Amino acid sequence: MSTMTVDYTVRLRFSDDSQAAATHTNLSAVRLDGPVLWIAGDETATVERLLADSPDRPSEFGDEARFRLADLVDLPGTDADEEADVEGLARTGHFLWAVGSHSLRRKRIRDRHDGPKALKRLARVEGQQNRQILVRLPIAEVGGVPTPVREIVVDGVRHRAAALDARDDLRRLLRDDEHLAPFLPIPGKDNGLDVEGIAVHGDRVYLGLRGPVLRGWAFVLELRPYVTPDDPTRLRLRPFEDGQPYRKHVLDLQGLGVRDLCPDGDDLLLLAGPTMALDGPVRVYRWHGASRAEMPSIVRGELISRELELTFGEGDDHAEGLSMFGDGRILVVYDSPAKARLTGDGAVIADVLRLPGRA
C-alpha cells in the first residue's frame, strides 16, 4: 500500500450557473470519457460535461454543458429540479449511467441555531424522491462530442433513456433484507442506507454503499438491469439464481464505507472513507476479479488489496469521486475542496494519482 503522491493536477472550470449552484464545491461523481469528463454534484438534478483542452494529457477541462435529468427521463419527484443527489456515474458501451444516494437526510445544526430550535432541527429527518434514481442515458456524438440524448439507434436497434421502474425501487426491494432493512429509516450520514458509487461491467451494475457498514463490513450491491420492448424507458431488474433482484457482496474495507467505484479491467477500484461525518481515513482498494464473481462474495484476504492512502483536510478536501485516467493513473475529485483548490478564475483543482505497480 502506497501513500498518496500527486502525479499532477488538472483544472475543472465550471460555468457561472454551476458555480452559483455550488456544483464545483459539492463534486460527488466523475468519469472520463475520451475527450470529455462527466461530472455530477450532490446538490442538483443535472449532469455536467467538461471538454479537455488536450487529447493526450489534459491540464484543464472546461466549456461546460449542463444536462437536466428531467429533460431525458421521468424523475420520481414532483419537482423536476429537486436535487437528485447524484453520487455515481458510469460510462460503458452506448450509455452513461447515474445513481442517486437513495438516502434520507437529517437537518443540520448551523451556527445561528441554538437551544430548542437546534435540537428540533436535529430531530428532523426527510427524504427526497429524486434521490431514488438509477438512470441509463444514451450517448450520441453531437457535433463530434459525446452528448446525452433521449434515444439513439445502433445497428438498427433503438435505445431510449431509461430510469429504474418504481416496481424495482431499491428502497422498496430492501424492506425485507436481513442486513439492510433496519437501516432504511436512518439518514445516510448516521450509517443509514447511502449509495455512493456505481460501476458497470457488461450487464453487471455495481452500487457501492457508504452505509451501512456492519461490524466493519461494507456492502456492494450487484444488479442486472434490462429493458423490455414494450416499456423501453423503464429499467427492470433481472432476478439472480436465488430469485432476488440484487446480489450482496460484503467487503473488508477496515471499517470504511464505499465513496465511489471504478472498473479497471476485471477488477473494481473502490474509493473508501468513513460512513459518518468524519474527515478520514480515505483509501483506494482493489477488489480483484470482481466482475467474475458468480455468487455473493465475502471479499477479504487475497481478494482485496489496499492500493493508496489519500490525504484529507480538516473539515474539507473530502475525496468523493474516482475515475481511471489512462496509463495506470486515476483522477480524484473532492467535495468541500480546500481553499487552495479554488482558483481566482473560478476553477477547482483535481488530483491525478499513479496506481502502485504501474510504470
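Does W38 count as buried or exposed, and what is its relative accessibility? In this predicted model, W38 has a relative accessibility of 0% and therefore counts as buried, since residues under 20% are placed in that class.

The setting of W38 can be described through its aromatic partner. Three aromatic pairs are found when the whole structure is searched. In one of these, W38 is paired with F67; the ring centres lie 6.3 Å apart, the planes make an angle of 55°, and the pair is tilted. The two residues belong to separate strands, W38 to β4 (residues 36-41) and F67 to β6 (residues 60-68), so the contact ties together parts that are 29 residues apart in sequence. F67 has a relative accessible area of 16% and is therefore buried.

A further pair is formed by Y206 and W287. Their ring centres are 6.1 Å apart and their planes stand at 75°, so this pair is edge-to-face; the class requires an angle over 60 degrees. Y206 is part of strand β17 (residues 204-211), whereas W287 is part of strand β24 (residues 282-287), so the pair ties together parts that are 81 residues apart in sequence. Both Y206 and W287 are buried.

Aromatic rings also meet charged side chains. R238 is placed over the face of Y226, at 4.2 Å from the centre of the ring. In a second case, the ring of Y334 has the charged end of R341 over it, 3.8 Å from the ring centre.

Strand β22 (residues 257-264) provides an example of burial across an entire element. Seven of its eight residues are buried, so the strand is largely enclosed by the rest of the structure. Its partner is strand β23 (residues 267-273), which runs antiparallel to β22 and is joined to it by seven bridges. One of the residues involved is P263, whose bridge partner in β23 is L268. The two strands form a hairpin with two residues between them, and G265, in the turn, has a positive phi of about 65°.

Open space in the model was examined next. The largest pocket holds about 980 Å³ of space. Its lining consists of 32 residues, and those nearest the centre are D42, E43, R106, R108 and K189. Two or more lining residues are given by each of the elements β9 (105-106), α2 (115-122) and β27 (318-326). By residue class, the lining of the largest pocket comprises 21 charged, six polar and five nonpolar residues.

The second largest pocket contains about 360 Å³ of space. It is lined by 17 residues, of which D242, Q244, Y246, K248 and P296 lie nearest the centre. Strand β21 (residues 247-252) supplies three residues, the largest share of this lining. The lining of the second largest pocket divides into eight charged, seven nonpolar and two polar residues.

The C-alpha atom of D327 is separated by 9.3 Å from that of L355, a residue 28 positions away along the chain.

Conventions: Residues are numbered from 1 along each chain as its sequence is written. This is a predicted model: local features need pLDDT of at least 70, side-chain atom pairs count only at pLDDT 80 or more; totals for chains, interfaces and linings use all residues. Side-chain values use heavy atoms; hydrogens and water are left out. Rings of Phe, Tyr and Trp (its six-membered ring) pair if their centres lie within 6.5 Å; planes under 30 degrees apart count as stacked, over 60 as edge-to-face and the rest as tilted. Helices (H or I, at least four residues) and strands (E, at least two) are DSSP runs, numbered from the N terminus. Buried means under 20% relative accessible area, exposed over 50%, partly exposed in between (1.4 Å probe, protein chains only). A charge sits over a ring if NZ of Lys or CZ of Arg is within 6 Å of the ring centre and within 35 degrees of the ring normal. On a 1 Å grid over the protein atoms alone, a cavity is a set of points where a 1.4 Å probe fits but cannot get out, and a pocket is an open set with protein on both sides within 12 Å along at least five of seven lines; lining residues have an atom within 4 Å of a point. Grid points are joined across faces, edges and corners, and a volume is the space filled by probe spheres set on the points. Ala, Val, Leu, Ile, Met, Phe, Trp, Tyr, Cys and Pro count as nonpolar, Asp, Glu, Lys and Arg as charged, and the others, Gly among them, as polar. Two strands pair if DSSP finds at least two bridges between them.
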